[in-house]
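Have a look at it first, then read on.

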Amino acid sequence: MTTSPRRSATRVSVALASTLLTASTLSGCGVFGSPDLVIYNAQHEQLLDELIPLFEEESGLDVELRHGKDLEMANQITEEGEDSPADVFLTENSPAMTIVDNAGLFTELPEAVTATIPDDYVPSDRTWTGFLARSTVAMYNTESMTEADMPASILDFADPEWQGRVAFSPTGADFQAIVSAVLELEGEEATRTWLEGLEANGVIVQNNLVVMQSVDSGEVDAGIAYHYYWYRDREENGTDSDTSALHFFGDQDPGAFLSISGAGILASSEKQEEAEEFLTWLTGTEAQQAMAESYALEYPLNPDASLDPAVKPFGELEPPQVDVSSLNGPQVTDLMTEAGLL
Amino acid sequence: MALLALVPLAYVASYVVIIGPVDLWQLIARPRIAELLRNTVTLALACMAATVVLGLALAVLVERTDLPGRRLWHGLLVAPLAVPAFVNGYAWVSLDRSINGFGGAFLVVTLSYYPLVYLPVVAMLRRLDPALEESAWSLGHSRTRTFRTVVLPQLRPALLGGALLVGLHLLAEFGALSLLRFPTFTTAIYDQYGSTFNGAAATAMAGVLVLLCLVLLLAELRLRGDRRYARLGRGAARSAVPLDLGTWRWPLAATVGAVVVLAIGVPAFSLVRWLLAGTSTEFPLGELTQALVSTVALALAGAVATTLAAIPVVWLAVRHRGWASTVIERSTYVANALPGIVVGLALVVASLRVVPVVYQTAGLLVAAYAILFLPRAVVTVRAGLEQAPVVLDDVAHGLGLGPLATARRVTLPLIAPSLGAGAALVFLAISTELTATLMLSPIGTSTLATEFWSASSELRYGAAAPYALLLVLVSIPATVLLMRTDSPATATTVVEERVPA
């Protein structure tokens, strides 16, 4: 040690003092302020980062976002219960909404909020509303496959002929929403068999973007994901979509399942009015059109808004009929854990 | 503090009891767990072996031979400490997506973690008394045999401690392994948590992980044995005579250079490449600044809180030895056996049920950091206090100083360097912490690590690059502080730090 003991002691105490000051600023209101509306957001972060400033400007409200994943946030809200700091909850997929709804934490939405959304995408008790939709698709590598090689049903991917040839990302809420649709449409036994087949055959990857890249690079012949990953890539630079194409199952197959992004207001929120204002705006034509024109390329649910015509039209998707409030997240997780996917 | 540290373990234990033995067995005895166990154990063993070999070889080359440019190499070889493992993983996988699975994980983790072995071995080599080796030579032993029989045994604590630290880090590693698509218990717990929160399967996995950590801690304790290699006097303060490498000088220098290129050249190249070429690269100054400020503030606050919390624990353990103080000290290591996600989850549940007002405040987050990283501060500060002779306190008392004045004027200055080293280690750990931060941070807080993570997991490599770069820059001062092993106090603290058990 070259410094004298006293000097280094002084230095230590100065460092201590300044750090404690920083800590107290952090925990006080100085840095974080007190927002008008707290949104727990599990929809794509980038989309909300584009959208929220528009709402803030129009309403004059100050919105704070907390980002996370669907089921993680749904469970966190359930755990928080009455003490939840959240006013609004937004998800990518509806099973997460069902978890919070089953815990009785949502408040019934006023007519104004759901007026513009078709009834199919609002649960009958009107505790939340859909605001965007995404279609399940299979992507395939155009160098090794043709449209004719693709199976008629998503259930066929469990067949041994797909051994090592199909990629999917079981840990994300996206795939779990697809499983919940299979469960609802085909029943528990068929879902179990399907998941076991996928576990044996499939190539497990980190997320849907990696699904797309694996298909594009020829690592696998096909992959299960949602439509917009491929369209977004094509829109931006086409790096991953130029050797791949989309296969829409259609024909009410479970593989044509439309997953709904949901929005709901927490009953515990003291900002009911602001929250209603936000949801009414979110389902209104202006915000729906803004989302349709954003990078996201998900289907707006308000019929007055329209998506880029390059994307397969909403009316041609032929999705199966699924009651949005019946999709069961926890049972899906149990089945997937049983099949060794989680 | 010790009680707080037990919250996560109590959480896991009580949940395991709630699950009950039958369901627990069903959750554990399934193929997925076997796969995770195989992955986790093989990767941990392979990386511990590789980092020991690499760390030892590099330390001997740099410290004990006439390798050209030794001082420069030393700096470059420690530098990977400033590159978080998940940034390194991102660098490799974004250059070539085929780098994944076991091979990729082994490569990236070894390159990120070897300084944990290299640094304590270097520090130990510097402190060894060359007279012992000279005596061996004078008795006719060859240099190789002398190294094997005289030097190597003395390096054992440093090597074992380093290997243990690599193992513990690896068991808790989430970011790098998730990016490299190699599932282990920690990544699987995270996936489970994402689906079920507070779920039985996740907790069962955490239980298995705790057992793995205990096995590791016991194995290290056992291998270390009871033998002590301490010497009595301080010995002569001089360096050992460097080994003449002869014609091997340049090829070996090139090999060391290759390690440096792989360990910091690749991440540097990858970062710069993405900064320049990434389509999603942008410099949102406001967001970058906000993330930078909250990272530094949280890391500083956490480092100070953790180091302060370590002082009483260490004081009891060193100055008032007894079973009670030992239990208190050891209990702080328990949380080390759990990944941030489990500690975070335990605190979410505990704070919501007991003290809801602290939920999602910076204070709770700092408490989580203290629980996670207290062991780093404890071992480091302990080494410093062990070296501060009690007799000095007694003299101060004899000269009429009260206990507080003694602490301020005698003890504190003596342990100041180890407080600094401990705080530096904690700072490095906090600035790269991901999972607990994601769960517990106040609404609206973003740190460099969380922002980096959200960009890189959406494969927006270009957007992730500025955050990764800032993370590296923020880590540099703490790394430099740790690197200056020249002063004996710091040298010891680094050595001892690697030997938590």
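## Contacts and overall build

In chain A, 75% of the contacts with a separation of 6 or more are between residues 24 or more positions apart, a contact being heavy atoms within 4.5 Å. This is a predicted model, where local features need pLDDT of at least 70, side-chain atom pairs count only at pLDDT 80 or more, and totals for chains, interfaces and linings use all residues. Residues are numbered from 1 along each chain as its sequence is written, chains are lettered from A and ligands numbered from 1 in the order in which they are written, and side-chain values use heavy atoms, with hydrogens and water left out.

Chain A has 13 helices and 10 strands; helices (H or I, at least four residues) and strands (E, at least two) are DSSP runs, numbered from the N terminus. Along the principal axes, the C-alpha atoms of chain A fill a box of roughly 80 × 60 × 40 Å. Of the 342 residues in chain A, 58% are buried. Here buried means under 20% relative accessible area, exposed over 50%, and partly exposed in between (1.4 Å probe, protein chains only). Chain A exposes about 13,100 Å², and carbon and sulfur atoms supply 49% of that area. Those areas come from the Shrake-Rupley method with a 1.4 Å probe; for residues, only the protein chains shown count as cover.

## Charges on chain A

Chain A carries 13 positive and 61 negative side chains, and the centres of the two sets lie 14 Å apart. Lys and Arg count as positive and Asp and Glu as negative, while His and the chain ends are not counted. The place of a charge is taken as NZ of Lys, CZ of Arg, CG of Asp or CD of Glu.

Which residues form a negative surface patch? They are Glu57(A), Glu58(A), Glu273(A), Glu277(A) and Glu286(A). Helices α3 (45-59) and α11 (272-283) of chain A each give two or more residues to that patch. Patch residues have over 30% relative accessible area and no salt bridge, with like charges joined within 9 Å (for nonpolar side chains, namely Val, Leu, Ile, Met, Phe, Trp and Tyr, the limit is within 5 Å). Take Glu57(A) as one of them: Glu57(A) sits in helix α3 of chain A and is exposed, with a relative accessible area of 70%.

## Helix α10 and its cover

Helix α10 (residues 227-236) of chain A is mostly covered, with 7 of its 10 residues buried. The buried ones are His227(A), Tyr228(A), Tyr229(A), Trp230(A), Tyr231(A), Arg232(A) and Asp233(A). What do they pack against? The partners in chain A are β4 (128-141), α7 (173-186), α9 (208-216), β7 (222-226), β8 (244-247) and β10 (299-300). After α10(A) comes Gly238(A), with a positive phi near 70 degrees.

## Salt bridges

Over all chains, the whole structure has 15 salt bridges, each a side-chain nitrogen of Lys or Arg within 4 Å of a carboxyl oxygen of Asp or Glu. Here are three of them.

| Pair | N to O distance |
|---|---|
| Glu188(A) and Arg192(A) | 2.8 Å |
| Glu298(A) and Arg232(A) | 3.6 Å |
| Arg126(B) and Glu63(B) | 3.0 Å |

Glu188(A) and Arg192(A) share helix α8 (residues 188-201) of chain A, 4 residues apart, about one turn of the helix. An α-helix has 3.6 residues a turn, so residues three or four places apart point the same way. Glu188(A) is partly exposed at 38% relative accessible area, whereas Arg192(A) counts as buried at 19%.

Glu298(A) lies in the loop between α12 (285-293) and β10 of chain A and Arg232(A) in helix α10 of chain A, so this pair ties together parts that are 66 residues apart in sequence. Both Glu298(A) and Arg232(A) are buried. They also belong to a salt-bridge network with Glu92(A), Arg134(A) and Asp174(A).

Over in chain B, the salt bridge between Arg126(B) and Glu63(B) links distant parts of the chain: Arg126(B) is in helix α7 (residues 115-127) and Glu63(B) in helix α3 (residues 31-64), 63 residues apart. Arg126(B) is partly exposed at 31% relative accessible area, and Glu63(B) is buried at 15%.

## Two positive phi values

Gln252(A) has a phi near 55 degrees, a positive value in a residue other than glycine. Gln252(A) is in the loop between β8 and β9 (258-265) of chain A and is partly exposed, with a relative accessible area of 46%. Arg181(B), also not a glycine, has a positive phi near 55 degrees, and its place is the loop between α10 (175-179) and α11 (185-196) of chain B.
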